[in-house]
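Here are my notes on the model you sent. They are set out as numbered points, with the residues to look at in each.

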Amino acid sequence: MNRWMILAFLLMLAAFVLITMGFAWSTEPLWWAGLAALALGGLIPAVRRFIPKHGENES
Amino acid sequence: MQGNLPIDLFHWILAFIPLLALLILLIVARWKASEAGPVGMFTAWIIALFFFRTSFNNVAVASAKGIWDAIFILYVVWPALLLYQVTDNAGAFDSLRVGIRKFSRNRLFLVLAFGWVFASFLQGISGFGTPIAVTAPLLLAIGVKPIYAVVVPLIGHAWANMFGTLAVGWLATLQVVNLGNPTETAFQTAILLWIPNIVSGFTIAWLFARGKGIAKAWPMILIVSLIHGGGQLLMILVDPILSTFIPGTVALAALYPLSRWKRYREPGGLESGIMSETRESGGGEEEPEERPVMGLFMSLLPFIVLAVAAVIGSGIPPIEQALSRLEIGFAYPATETGYGLRNDPERPYSPFGPLTHPGTYLLISTAVAWIVFRAKGFYRKTSERKEGQKGIWSGLVSNAVPASISVTAFLVMSKVMDDSGQTQELALGISAVAPPLVFAFFSNWIGNLGAFMTSSNTASNILFAPLQQIVASTEQGLSESTMIAAQSTGGAIGNAIAPANVVLGLSTIRHLGNTARVLRITLVYAGLAAVITGGVTILLNGITFLGG
């Protein structure tokens with residue numbers, strides 16, 4: 001399992017926590033950070049498509 | 001809710017772009033779901049931000065809700081995959097395959113029994129993708145090719161989505177629309193749901209061996225469909241909550257007498273394109289097979305525990321009420337787009353009841369299976385036979401993570417489209433240009449679209465049932481009951497083509513990356529079922545008006 005994919009998924013989960021906390025505490029930087037984490041988490045799998053990789057499991 | 005959303009071709013095309021992007025990337029460009037999903041998500045974001053007057057604040061709220069929706073599904077994906085690993089590493093699937101041959105050696109019967117009858121039974125009690133996650137590995141174990149091990153339950157369980165999971169879809173529909181005649185609506189829904197049911201039986205037989213498959217399977221298909229569809233129709237009048245569960249259980253029980261019928265007990269001798277071994281043995285000499293590590297009952301233990309846990313947890317009202325008291329959820333503020341589309345505050349949004357969720361039942365069955373299999377020494381015996389077998393945890397992570405990324409991205413995309421007005425744009429656009437009869441034909445396609453986006457009949461109805469009701473009340477010649485019934489049936493059919501469901505099934509048998517191949521087959525089924533449903537909707541609508 002590629003560690004980049006694990007990182008992407010963890011970023012998506014972190015995004016949920018950050019956005020939810022951001023709105024619960026009315027802290028704008030928190031939900032912005034969450035949105036950024038979700039964007040980054042989504043970008044990783046798409047960008048990896050164009051990067052040569054080894055030992056990919058998802059055939 | 002609708003606000004000042006502009007209903008025009010330009011905005012309609014824009015709203016369609018995220019779905020189109022997803023379909024093109026998955027089916028034409030053959031991207032993996034974990035790569036295409038985020039692109040669909042970004043497309044929905046961009047269109048919401050720049051063309052549907054949605055602020056970043058609104059996008060953030062919708063995205064968090066989407067991830068929360070995904071967690072519902074991931075709580076089935078991870079436990080289902082864990083159950084697969086725990087069961088497979090103990091050698092249970094090999095034992096099941098050998099043991100089941102004593103029950104019936106007719107492969108067509110077994111494919112229909114697992115992929116249609118057992119999957120429908122599971123949908124009656126648990127849902128949330130459990131029927132696909134559980135039956136795909138079972139079909140693989142009896143020799144079905146991986147793609148078809150996912151295709152068959154996707155098709156087989158779809159009809160049961162509306163009144164399955166103890167009628168959660170129906171209960172949600174009653175929450176969002178105030179129906180003039182709920183009994184008539186439920187009855188018409190049951191009539192329409194019979195279509196995807198019988199079409200699924202014949203489609204599976206067709207996939208198995210084309211016309212020869214149908215020639216062999218038609219008596220079984222008619223008997224099972226009479227129990228499923230006819231039983232549901234009758235049960236609707238008694239109690240909609242149990243209208244899928246009871247016929248599903250009766251059909252499961254009917255498998256035993258069917259398996260005693262020579263037609264389905266002995267090998268059919270059919271050549272099948274969906275089986276790993278194309279040719280079926282004729283019942284003569286068979287290759288000697290290594291003695292399995294466990295018996296048939298033991299290999300079925302995890303699934304028996306699963307069914308018992310689900311029936312106790314969700315099927316006995318006092319227990320269900322006690323367990324469902326524990327709920328987890330988070331609050332989100334109200335949002336409003338520049339077009340005045342308002343989303344109410346959520347306190348909490350879609351609360352999650354962990355003790356009544358199928359993921360918990362899967363975890364219980366996994367734990368019981370692991371303890372029993374370990375105590376009996378099955379892991380040791382299997383590892384001695386199978387060299388280089390992956391460990392339980394590494395197998396789990398390597399399959400669950402890509403599936404989790406795609407499911408999360410799909411659900412975020414869906415929620416952003418919903419909260420920004422793109423979903424409403426699509427539905428209202430169709431209703432704006434379609435005359436009543438054309439709308440009646442396409443009303444189930446709207447339900448289909450909702451389920452395609454959300455992987456949920458319930459969510460599809462929450463999204464689109466109010467729209468169907470509005471159109472029925474404003475357009476002359478449309479019956480409210482028939483339009484809601486068509487919406488509900490479309491929502492059920494759409495589960496066969498929902499990318500998140502496809503990924504869920506493929507992940508549990510460790511064949512991620514074949515989403516496009518599965519979708520190409522299930523899209524044909526969904527299209528056929530939707531066309532027939534559309535035609536019958538027009539008929540039902542006419543009868544309702546003549547009678548009313």
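**Notes on the predicted model**

1. Start with Glu266(B), which is partly exposed, at 27% relative accessibility. This is a predicted model. The side chain of Glu266(B) meets that of Arg105(B) in a salt bridge, 3.3 Å from N to O. The pair links distant parts of the chain, 161 residues apart. Glu266(B) sits in the loop between helix H11 (262–265) and helix H12 (296–315) of chain B. Arg105(B) sits in the loop between helix H4 (92–103) and helix H5 (107–125) of chain B. Arg105(B) is partly exposed too, at 25%.

2. Two other salt bridges lie within helices. Glu384(B) and Arg380(B) meet at 3.7 Å, N to O. They are four residues apart in helix H15 (residues 378–385) of chain B, so about one helical turn separates them. Glu384(B) is exposed at 56%, while Arg380(B) is partly exposed at 49%. Lys415(B) and Asp418(B) meet at 3.4 Å, N to O. These two are three residues apart in helix H16 of chain B, again about one helical turn. Both Lys415(B) and Asp418(B) are buried. Over all chains, the search finds eight salt bridges.

3. Now the interface. Here 41 residues of chain B are in contact with 27 residues of chain A. The two chains bury about 2800 Å² between them, 76% of it on carbon and sulfur atoms. How many salt bridges are counted between chain B and chain A? The count is one. Glu35(B) pairs with Arg49(A), with the closest N and O atoms 2.7 Å apart. Arg49(A), Lys32(B) and Glu35(B) are linked in a network of salt bridges.

4. Which elements of chain B supply at least two residues each to the side that touches chain A? They are helix H2 (33–51), helix H3 (56–89), strand S1 (328–332) and helix H16 (392–420). H3(B) gives the most, with twelve residues. By type, the residues on this side of chain B divide into 28 nonpolar, nine polar and four charged.

5. Aromatic pairs deserve a look. Phe42(B) and Trp45(B) form an edge-to-face pair, 5.6 Å centre to centre, with 75° between the planes. They are three residues apart in helix H2 of chain B, so about one helical turn separates them. Phe42(B) is buried at 17%, and Trp45(B) is buried at 9%. The rings of Phe163(B) and Trp170(B) have centres 5.7 Å apart and planes at 45°, so that pair is tilted. Both Phe163(B) and Trp170(B) are buried. Ring pairs also link Phe16(A), Trp68(B), Phe72(B), Tyr75(B), Phe330(B) and Phe352(B) into a cluster.

6. Two buried polar side chains remain. Thr533(B), in helix H22 (residues 515–547) of chain B, is buried at 0% relative accessibility. A polar atom of its side chain lies 2.6 Å from the backbone oxygen of Ala529(B). Beyond four places in sequence, the contacts of Thr533(B) include Leu192(B), Ile195(B), Pro196(B) and Asn444(B). Asn197(B) lies in helix H9 (residues 182–238) of chain B, and is likewise buried at 0%. Not counting residues up to four places away, Asn197(B) touches Trp116(B), Trp159(B), Ser225(B), His228(B) and Gly229(B).

Technical notes
Residues numbered from 1 in each chain as written. Chains lettered and ligands numbered in written order. Predicted model: local features only at pLDDT ≥ 70, side-chain atom pairs only at ≥ 80, totals over all residues. Heavy atoms only, no water. Buried < 20%, exposed > 50% of the residue type's maximum accessible area, 1.4 Å probe, protein only. Contact = heavy atoms within 4.5 Å. Buried area = accessible area lost by both parts, 1.4 Å probe. Salt bridge = Lys/Arg side-chain N within 4 Å of Asp/Glu carboxyl O. Nonpolar A, V, L, I, M, F, W, Y, C, P; charged D, E, K, R; others polar. Phe/Tyr/Trp six-rings, centres within 6.5 Å; stacked < 30°, edge-to-face > 60°. Polar contact = N/O pair within 3.5 Å; in protein donor to acceptor, adjacent residues only side chain to side chain.
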